[in-house]
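Please examine the sequence and the three-dimensional structure shown here. The paragraphs that follow lead from the contact between the chains to individual strands, helices and residues.

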Amino acid sequence: MTSRIVRALAGAVVLAAALRLGARGAGPLPPLGPLLDPVHGAWAAATHATLAPRAAVPMSGLSGAVDVRYDTRGVPHIFATTELDAYRALGYVVARDRLFQLDLQTHAASGRLTEWVGRRALALDRQTRDLGMPRAAEEKMAAMDTTGMAWRVMNAFAGGVNAYVDALTPAQWPVEYKLLGVRPERWKPINSIHLFNRMGWTLTYVPDEAVRLAARGVVGDSAADALFPLNSPIQEPIQPNGQHAPRFDLATLPRPGAPDTAARVVASLLREVAPPGFMQRTDPRHLASNNWAVGPARSADGHALLANDPHLDLTLPSIWYETQLVVPGTLDVYGVTIPGLPGIVLGFNRDLAWGFTNTGADVLDFYRETVDDATHPTRYEVDGAWRPLVQRVEVYRGPRGEVLATDTVRYTHRGPLMHRFGAWVSMRWTLLEPSHEIGALYDAAHATTARAFLDAMAQGFFVPAQNVIVADRSGTIAIRSTGHFPLRPKGTTGIDIFDGSTSASDWTGYWPVSDYPQSFNPAQGYLASANQQPEDPRHQFAYLGDDRAYDPWRALDINSLLRADSSVTVDDMRHFQTSPLSVRAQLFLPYFATAAHNVGGPASSPVQQAAEILARWDGRYTRDNDGAALFEEAMRLLRAFTWDELDDSSGRRVATPDDEIMFDLLHQPTSAWWDDRSTSGVVETRDVIVARSLAAAYDTLVKRDGPPAGGGWRWDRVATVDITHLLGLPGFSALGLESAGGRGTLNPAPGGSGFGPSWRLVVDLGPEVRAWDTYPGGQSGNPASPQYEDRIPQWLAGRLSPVLFPRDAAALPANRTEATLTLTPRGP
Amino acid sequence: MRAFLRQALLAVAFGLGTYAFGWWAVPSIGALWGLINPAGRHAAVRAGMAAAASWAILLLVPAITGAPLAAFTAHLAGAMQVPAWALVVVELAFPFAVAWGAATLGAAVRGGKGAGSAP
């Protein structure tokens with residue numbers, strides 16, 4: 001009897017524990033039952049790894065059959081009879097390949113990650129909602145014309161996603177759902193707006209008010225303003241200035257001055273107010289891109305050529321999804337979309353091609369507000385009158401629907417109000433204001449000329465501001481920095497914190513399109529943007545953003561390449577995209593050589609050894625060179641040694657000027673900035689500090705990577721690239737990839753980072769438009785699929801694939817067709 | 001031979017049950033097995049082994065027919081930050097434990113000795 005009870009108890013305990021693990025999981029473990037189920041669990045990803053060669057799916061809402069042909073690169077070519085059917089099919093095929101990505105991005109963009117992962121995501125969700133992003137999406141949605149095409153396209157797209165979601169069995173859920181223990185959600189049209197907002201957040205640049213103020217706090221106003229200028233001292237702007245060469249506006253830097261203690265206090269305040277995603281970014285320039293176009297007069301085949309490679313965080317699956325939409329007589333567009341957006345974001349049609357780089361405009365301002373109650377304000381003061389604050393209750397729920405937190409977010413007429421250090425500060429941001437990006441992309445896809453394309457974009461694409469380049473088959477090339485740029489009170493810039501108690505501080509509107517930085521068919525025969533300053537301040541100064549948003553190096557590189565080649569081929573364009581040459585290195589290298597020569601020393605000394613290595617290096621970040629690692633370390637140490645005046649009393653570096661300023665300082669060999677404050681009785685000069693940086697870099701690398709002859713300094717060993725899964729899961733990521741390119745090159749691949757060219761496109765605008773492209777990833781979001789990361793080797797090698805751009809389904813070669821999907825109208 | 005056939009049939013039952021109803025079929029069939037076979041020698045262990053075998057077969061069949069199971073196992077294990085062999089062990093141990101526990105409890109409810117074998 002006793003043993004029976006013991007057996008029963010043992011069975012019950014084991015069963016209970018197993019069922020508990022199976023149904024609920026434990027700690028970080030998801031429920032093991034549905035995860036390990038060999039038919040419906042994680043393993044099902046492998047059994048659904050490839051597309052069925054033929055599939056037919058009935059779908060509600062279609063007006064006619066849609067023929068989807070997947071080519072051998074996994075690109076779906078959608079052939080429909082109406083545009084709404086095409087966008088409905090787009091929703092379906094995107095969900096089919098990238099459902100988890102759609103869902104995850106939407107949860108992030110709407111501040112609902114806690115509903116999947118609980119409290120771990122509360123801070124992230126709070127940031128999203130405190131910024132007012134979900135509210136802004138709702139307002140944009142409410143303001144849409146429900147009879148317009150943008151509205152109908154969004155709804156058609158949602159219908160397509162939901163047709164896929166509704167037909168899914170648990171076995172077909174992407175593996176990530178099973179690992180998280182959650183299930184797919186139906187798609188809402190507003191999600192597309194959430195995603196656009198998220199992209200705007202990613203690409204929003206906030207000028208470093210806090211950095212400049214913090215610098216004022218230690219070296220005074222004059223020095224700080226010189227170290228962190230509004231305009232880049234190296235000018236080769238997007239809108240050509242007719243100089244056909246970069247211009248170096250080098251000026252003598254004022255000596256370090258007396259600390260401005262008031263500025264230090266405001267800097268601290270600003271750092272607290274600014275959302276972490278902005279001002280705590282270590283290097284906003286990491287989000288960069290290139291695009292350029294060559295007119296017929298400078299191309300080998302006499303056609304306009306266009307290239308684009310947006311630089312973003314590299315993820316698996318990729319941010320991009322490649323597709324073609326064809327509606328005979330109406331629409332024929334090819335390119336990449338961001339999964340969840342109903343339209344082609346970057347690409348080409350039968351008449352033109354386009355690409356974006358980020359403008360880096362300052363479109364976000366802060367206002368110090370006067371409120372009626374320091375702890376629970378309900379009103380704020382403007383022009384001596386009290387206005388009510390809009391209050392919105394934000395509820396954060398956990399995976400089981402439980403309430404994790406409830407916040408009240410307050411809004412002035414400018415935007416969300418935040419409370420930090422006893423002050424109430426509101427924020428105005430173009431992203432939170434009415435805009436029509438989906439409609440703009442829809443209209444632009446139909447354009448047949450470069451000008452019509454840019455005008456369509458200008459009508460509704462307000463945020464994130466982009467340098468939109470376009471080339472058409474008539475040979476026109478054009479670029480325009482497109483977006484809403486605030487008109488601020490006269491005499492102010494966006495680097496100020498405004499007085500919120502007066503309406504005189506408010507924006508008075510937006511720049512007229514005629515004032516946007518732009519150029520059509522310039523005499524130089526080419527156009528290029530690489531996130532440099534859009535306009536030459538000598539020609540027309542209007543505050544758009546400040547120097548720290550603009551990176552001149554890649555612009556110098558591409559302009560130099562394009563200037564030197566009057567017969568550009570498609571292959572040249574591809575080579576330019578992956579050029580490892582660094583103008584930045586070429587500009588700085590002579591100063592290291594000079595310093596080593598001037599300080600002298602035996603040939604075996606670290607400084608001379610290092611100088612010899614750099615003398616052999618050609619400034620190219622190729623995989624097998626060993627100079628780039630030394631140069632980058634020397635530059636890092638040069639910044640560290642030089643700007644010690646910017647350390648506060650605790651020894652913390654409050655701000656570090658950009659390398660353009662360092663380049664400026666190198667022309668002032670006896671400047672006070674070269675003096676090492678830690679040495680007494682001696683005043684260091686440029687060559688001493690530069691040589692010291694070089695020697696220290698050599699020693700550092702020997703210690704870290706062994707002697708230079710050992711191969712440890714090779715760039716592809718030092719500067720690997722990580723392409724990380726959206727959840728950061730190492731098994732689904734591609735880590736430690738060996739790549740060429742480096743900081744400031746056209747093919748940026750900073751070591752140990754997950755950032756770089758997220759897509760590469762080259763288009764030849766001949767009588768028949770031809771294109772080549774690739775991106776680091778693959779079309780499928782399923783880690784078990786052969787098309788999950790199949791393009792990475794090609795991307796690493798700098799190769800492109802020719803794009804299939806059929807006019808109709810029959811034009812897609814059978815031997816290049818991997819699968820077909822027929823979507824048919826579902827009967828009533 | 002009969003014992004083998006019974007074991008095979010039990011594995012088939014677990015397999016079909018999992019295929020049709022998901023992992024909850026394992027405790028259900030395990031418990032049923034314990035209830036209808038309370039006096040069976042090592043009945044609970046046999047249930048556990050049949051469940052584990054059925055899950056192994058459900059994975060092997062698609063692998064043999066071309067699904068990239070082996071490669072995916074490495075990726076999945078990497079995602080879960082465990083060695084691939086550990087994932088396979090857990091994959092088989094889990095149905096074993098569930099089926100054994102359910103069969104043991106089922107047999108005990110009927111008062112049989114089939115629950116007498118330790119896992």
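How many residues does the contact take from chain B and from chain A? It takes 33 residues from chain B and 32 residues from chain A, where two residues are in contact if their C-beta atoms, placed from the backbone, lie within 7 Å. On the side of chain B that touches chain A, the elements giving two or more residues are α1 (2-21), α3 (43-64), α4 (69-80) and α5 (84-110) of chain B. The helices and strands named here are DSSP runs, numbered from the N terminus; a helix is a run of H or I of at least four residues, and a strand is a run of E of at least two. Of these elements, α5(B) gives the most, with 10 residues. Sorted by class, this side of chain B has 23 nonpolar, 9 polar and 1 charged residues. In that sorting, Ala, Val, Leu, Ile, Met, Phe, Trp, Tyr, Cys and Pro count as nonpolar, Asp, Glu, Lys and Arg as charged, and the others, Gly among them, as polar.

Two conventions apply throughout. This is a predicted model, in which local features need pLDDT of at least 70 and side-chain atom pairs count only at pLDDT 80 or more, while totals for chains, interfaces and linings use all residues. Residues are numbered from 1 along each chain as its sequence is written, and chains are lettered from A and ligands numbered from 1 in the order in which they are written.

Consider next each chain as a whole. Chain B comes to 5 helices and 0 strands, and its C-alpha trace spans about 45 × 25 × 25 Å along its principal axes. Buried residues make up 50% of its 119 residues; a residue is buried if 20 or more other C-beta atoms lie within 10 Å of its own, exposed if 12 or fewer, and partly exposed in between, with C-beta atoms placed from the backbone. Chain A has 25 helices and 33 strands. The radius of gyration of chain A is 28 Å, close to the 28 Å that the globule rule gives for 828 residues, so chain A is as compact as a globular protein of that length. Here the radius is taken over C-alpha atoms, and the rule is 2.2 Å times the number of residues to the power 0.38. The C-alpha trace of chain A spans about 85 × 70 × 70 Å along its principal axes, and 56% of the 828 residues count as buried.

Within chain A, strand β12 (residues 352-358) is mostly covered, with 7 of its 7 residues buried. On one side lie L352(A), W354(A), F356(A) and N358(A), and on the other A353(A), G355(A) and T357(A); all are buried. Strands of a sheet pair through backbone hydrogen bonds, either parallel or antiparallel. In this model, two strands pair if DSSP finds at least two bridges between them. Strand β11 (residues 346-349) of chain A runs antiparallel to β12(A) and is joined to it by 2 bridges, with G347(A) opposite W354(A). A hairpin through 2 residues joins β11(A) to β12(A). β12(A) also pairs in the antiparallel sense with strand β20 (residues 466-472) of chain A, over 7 bridges; there, A471(A) in β20(A) is the bridge partner of A353(A).

Y396(A) stands opposite A405(A) in β17(A). This hairpin has 5 residues between the strands, and G401(A) takes a positive phi near 85°.

Where is R414(A) placed? R414(A) is in the loop between β17 and β18 (416-420) of chain A. R414(A) is buried, because 22 other C-beta atoms lie within 10 Å. Leaving aside its neighbours within four places in sequence, R414(A) is in contact with Y367(A), S426(A), M427(A) and R428(A).Finally, helix α19 (residues 583-599) and helix α20 (residues 606-616) of chain A pack at an angle of about 145°, with their axes 10 Å apart. Axes are lines fitted to C-alpha atoms, for helices over the stretch in contact, and angles run from 0 to 180 degrees between N-to-C directions. The contact is made by L589(A), F592(A), A593(A), A596(A) and V599(A) of α19(A) and by V607(A), Q608(A), A611(A), L614(A) and A615(A) of α20(A). These residues divide into 9 nonpolar, 1 polar and no charged.
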